[in-house]
Amino acid sequence: MQNFERILLAYDGSEQGRVALRRTLPLLGAGEVEVHLLAVVPLTGAVAAAEGFYTESMYEAERERIEKILAEGVSLLEQRGIDAQGHLRAGEPAHQIAKLAEELRVNLVVVGHQRRGVLARWWQGSVGASLLDRLDCSLLVAQACEADQPSS
């Protein structure tokens, strides 16, 4: 198996993002791997604000919310002795993930996955699937499994 020297984790604070972060921890030996977390402010918010669907203050509130999520992810890693650098971008998530992965020359990109039906996947698309043809590195798509569920 290839050694991963630089890892980019797309982190949105969702349960899927948290699962991806937990699944990545074994790959992140303290101080051995350069770790980057990326949170993306969806471009749809900026477009909607520009077209008057919602205000600039609503967009800024969303940006601040996502900045807090990013800080949370970096803090979670730091609590485990892993130094991570946070990045905040605005735009379409798959594009921003691929762009930063190229800029940083990462060996691995990690994204979370939420199971959805065929219609939802067709309508909304899949960031993981969109990344397959855009990345020049490995892609890990992490999803929750029964072992991740709290026992009753």
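Student: Which side chain does the side chain of Arg89 make a polar contact with?

Tutor: The partner is the side chain of Glu103, at 2.6 Å. A polar contact here is a pair of N or O atoms within 3.5 Å; within protein, one must be able to donate a hydrogen and the other to accept it, and residues adjacent in sequence count only if both atoms are side-chain atoms. Keep in mind that this is a predicted model, in which local features need pLDDT of at least 70 and side-chain atom pairs count only at pLDDT 80 or more, while totals for chains, interfaces and linings use all residues. Residues are numbered from 1 along each chain as its sequence is written, and side-chain values use heavy atoms, with hydrogens and water left out.

Student: Where does Arg89 lie, and what else does Arg89 touch?

Tutor: Arg89 lies in strand S3, residues 84–91; helices (H or I, at least four residues) and strands (E, at least two) are DSSP runs, numbered from the N terminus. Not counting residues up to four places away in sequence, Arg89 touches Leu38, Ala39, Val40, Val41, Gln96, Lys99, Leu100 and Glu103, where contact means heavy atoms within 4.5 Å.

Student: OK, zooming out, how many helices and strands are there?

Tutor: The protein has six helices and five strands, and along the sequence they follow the pattern β-α-β-α-α-β-α-β-α-α-β. Of the contacts with a separation of 6 or more, 75% are between residues 24 or more positions apart.

Student: What share of the residues is buried?

Tutor: Buried residues make up 38% of the 152 residues; buried means under 20% relative accessible area, exposed over 50%, and partly exposed in between, with a 1.4 Å probe and protein chains only.

Student: Which residues touch the most other members in the largest nonpolar core?

Tutor: That core has 24 residues, and Ile7, Leu28, Val35, Leu37 and Leu77 touch the most other members. A nonpolar core is a set of buried Ala, Val, Leu, Ile, Met, Phe, Trp, Tyr and Cys residues joined through side-chain atoms within 4.5 Å. Two or more residues come from each of strand S1 (6–10), helix H1 (15–24), strand S2 (34–42), H3 and strand S4 (108–112), and H3 gives the most, with six residues. Apart from this core lies another, of 16 residues, among them Leu8, Val40, Leu104 and Leu135.

Student: Let's take Val35: is it buried or exposed?

Tutor: Val35 is buried, with a relative accessible area of 4%, and lies in strand S2. Leaving aside neighbours within four places in sequence, Val35 is in contact with Ile7, Leu28, Leu77, Ile82, Asp83, Ala84 and Gln85. Val35 and Glu5 are 30 residues apart in sequence, yet their C-alpha atoms are 8.5 Å apart in space.

Student: Which residue caps the N-terminal end of H4?

Tutor: Glu92 does, with a side-chain oxygen 3.2 Å from the backbone nitrogen of Ala94. Ala94 is itself among the buried residues of H4, as are Gln96, Ile97, Ala98, Leu100, Ala101 and Leu104. Just after the helix comes Arg105, with a positive phi of about 55 degrees, in a residue other than glycine. Arg105 lies in the loop between H4 and S4 and is exposed, with a relative accessible area of 66%.

Student: Why is S4 largely enclosed by the rest of the structure?

Tutor: S4 is largely enclosed because four of its five residues are buried. As for pairing, which requires that DSSP finds at least two bridges between two strands, S4 runs parallel to S1, to which three bridges join it, and Ile7 stands opposite Leu108. S4 also pairs in the parallel sense with strand S5 (residues 138–142) over five bridges, where the bridge partner of Val110 is Leu140.
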